[in-house]
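Thanks for coming, everyone. Please take a look at the structure on the screen, and I will walk you through a few contacts.

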Amino acid sequence: MAAAIYMNDHLGLDFDDYFPSMIARLGAEGFIMELCNGFRLLMDGDKGLITFESLKRNSFLLGLHDMMDDEIFCMLSEGDLDGDGALNQMEFCVLMVRLSPGLMEDCGSSTQWLQDYLI
C-alpha cells in the first residue's frame, strides 16, 4: 500500500497519509466502514461519543501515550462541530478526511463520496 509522506509545518512532524490508498483499495464504502471501526475503538461505550476521557484512555492505541491534556482537548475541539465537547461518528469521519492532505488535494471527489455515505 503506497502512502504519501507529508510534513506538518505547524508541528514539524512527518507522517504517512494512507487514506488515499485505502480508498483506492477498499472503495469509499469500505473506507468509511474502517473509519467507523476506528471511531468505535476510541469512543466511550456508554456515551457513544469520543470524549476527552475516552481519547485520553485510548491514546496509546494511536501511539500517543505521552500526549498532554491540552493536546487531547485541541484534537477534540478541532472536530467538534456541534460544540458539545465530544465527537460523534460523523464529526470523527469528517475530521479524519479533513486531516488527510492526500484526500484534501482531490477535494472534488473526496467530498462527494463523503456526502454519499455520511449524509
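**Contacts between the helices**

A search of the whole structure turns up one aromatic pair. The partners are Phe39 and Phe92. Their rings sit 5.9 Å apart, centre to centre. The planes make an angle of 50 degrees, and the pair is classed as tilted. Phe39 belongs to helix H1, residues 19–42, and Phe92 to helix H4, so the pair ties together parts 53 residues apart in sequence.

Before I go on: this is a predicted model.

Now look at the N-terminal end of H4. Asn88 caps that end. One of the side-chain oxygens of Asn88 lies 3.1 Å from the backbone nitrogen of Met90.

Next, the charged pairs. How many salt bridges are there? The count comes to two.

Take Lys56 and Asp69. Their side chains meet in a salt bridge, at 2.3 Å from N to O. Lys56 lies in helix H2 and Asp69 in helix H3, so this pair ties together parts that are 13 residues apart in sequence. Lys56 is partly exposed, with a relative accessible area of 38%. Asp69 is partly exposed as well, and its relative accessible area is 38%.

Now Arg98 and Glu78. Their salt bridge has its closest N and O atoms 2.7 Å apart. This pair links distant parts of the chain: Arg98 is in helix H4, Glu78 is in helix H3, and they are 20 residues apart. Arg98 counts as partly exposed, at 38% relative accessibility. Glu78 is also partly exposed, at 41%.

Which residues make the nonpolar patch of about 460 Å²? Leu41, Phe60, Leu61, Leu62 and Met75 do. Pick out Leu61. Leu61 sits in the loop between helix H2, residues 52–58, and helix H3, residues 69–79. Leu61 is partly exposed, with a relative accessible area of 40%. That clears the cut-off for a patch, because patch residues need over 30% relative accessible area.

Last, the annotation. UniProt, in an unreviewed entry, lists residues 67–102 as "domain: EF-hand". Over that stretch the chain is 64% helix and 0% strand. The C-alpha atoms at the ends of the stretch are 25 Å apart.

Definitions and conventions. Residues numbered from 1 in each chain as written. Predicted model: local features only at pLDDT ≥ 70, side-chain atom pairs only at ≥ 80, totals over all residues. Heavy atoms only, no water. UniProt positions renumbered as here; feature names shortened; annotations may be inferred. Helix = DSSP H or I, 4+ residues; strand = E, 2+ residues; numbered from the N terminus. Patch = residues over 30% accessible without salt bridge, like charges linked within 9 Å, V, L, I, M, F, W, Y side chains within 5 Å. Areas by Shrake-Rupley, 256 points an atom, 1.4 Å probe, with all protein chains shown as cover. Salt bridge = Lys/Arg side-chain N within 4 Å of Asp/Glu carboxyl O. Buried < 20%, exposed > 50% of the residue type's maximum accessible area, 1.4 Å probe, protein only. Polar contact = N/O pair within 3.5 Å; in protein donor to acceptor, adjacent residues only side chain to side chain. Phe/Tyr/Trp six-rings, centres within 6.5 Å; stacked < 30°, edge-to-face > 60°.
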